[in-house]
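Subject: Structure handover

Hello,

Please find the structure below. My notes on it follow.

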Amino acid sequence: KSKDDSVNLEKSGDDLIDAYLERALSKNENFKAKNGETLNYVLPENKTADFAIILGLADEKDACTLKYQEAGGKLFMALKTTGSKHASLILNTENNMEEIAANISYGLLLRSYNFDLYKSKKDDDKKKELKAFDVICDKHSAADKAFKDLSGIASGVFFARNLVNEPPNELYPESYANRVKSELKPLGIDVEILDDKKLEKMGAGAIMAVGKGSERKPRMVIMR
């Protein structure tokens with residue numbers, strides 16, 4: 001948004017696309033460019049892209065990393081409706097460009113999570129998945145560095161989500177402990193597993209009592 005409350009578009013580099021979007025946007029008075037608000041347009045034929053999505057972002061006074069992440073999640077859902085496999089975000093802001101770019105991408109990545117390990121996928125479903133997402137901005141190196149840290153956090157979030165979503169016949173105390181060790185030990189984390197014998201020896205009566213309700217013996221995983 002600009003100071004006069006009108007909506008400004010970032011330029012795509014294609015004058016015809018820019019003119020088309022500006023005209024389309026001028027006819028849509030309901031779009032206020034609120035954070036995460038999107039507008040989808042089908043572009044004319046013979047263009048480098050099939051769709052254009054206008055994404056609203058929080059005003060600078062209300063902006064924060066969570067707002068940008070929320071906008072990224074909303075953008076993913078808008079892209080999902082188009083069935084796009086490759087998307088590019090054109091970003092040109094005066095302040096905190098690398099932070100905005102990294103957190104929009106992080107929000108989009110988090111929203112893309114889908115636990116479908118045990119679901120059979122149809123070929124049509126695979127064709128509609130987003131495979132690549134590019135960010136076009138001036139401070140690309142700084143944005144890429146900021147995103148690498150966030151993508152590492154996303155990997156941890158996805159690992160935790162996978163553990164939560166696994167069915168109990170696949171994830172039980174022993175398999176949980178082994179999976180945590182195999183995933184985290186290569187990252188430099190010391191993982192110690194206490195089996196039922198060690199738990200009994202250390203006097204962990206409450207844990208052992210709860211474990212009696214299952215055929216599976218309890219485990220305690222200590223991560224350092």
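Aromatic pairs

Two aromatic pairs turn up in a search of the whole structure. Rings of Phe, Tyr and Trp (its six-membered ring) count as a pair if their centres lie within 6.5 Å, with planes under 30 degrees apart called stacked, over 60 edge-to-face and the rest tilted. F115 and Y118 form an edge-to-face pair, at 6.1 Å centre to centre and 65° between the planes. F115 is buried at 18% relative accessibility, while Y118 is partly exposed at 46%. Buried means under 20% relative accessible area, exposed over 50%, and partly exposed in between (1.4 Å probe, protein chains only).

Basis

This is a predicted model, in which local features need pLDDT of at least 70 and side-chain atom pairs count only at pLDDT 80 or more, whereas totals for chains, interfaces and linings use all residues. Residues are numbered from 1 along each chain as its sequence is written, and side-chain values use heavy atoms, with hydrogens and water left out.

Second largest pocket

The second largest pocket has a volume of about 840 Å³. A pocket here is an open set of points on a 1 Å grid over the protein atoms alone, where a 1.4 Å probe fits, with protein on both sides within 12 Å along at least five of seven lines; lining residues have an atom within 4 Å of a point. The volume is the space filled by probe spheres set on the points. This pocket is lined by 31 residues, and F76, L108, S112, L130 and K131 lie nearest its centre. Two or more lining residues come from each of α2 (65-82), α3 (97-111), β4 (132-136) and α5 (140-165). The largest share, six residues, comes from α3. Helices (H or I, at least four residues) and strands (E, at least two) are DSSP runs, numbered from the N terminus.

Q69 is found in helix α2 and is buried, with a relative accessible area of 17%. Its side chain makes a polar contact (N or O atoms within 3.5 Å, one able to donate a hydrogen and the other to accept it; residues adjacent in sequence count only if both atoms are side-chain atoms) with the side chain of N103, at 2.7 Å. Leaving out residues up to four places away in sequence, Q69 touches N103, Y106 and G107, where contact means heavy atoms within 4.5 Å.

S84 lies in the loop between α2 and β3 (86-90). S84 is also buried, at 15%, and its side chain makes a polar contact with that of T82 at 2.6 Å.

Regards
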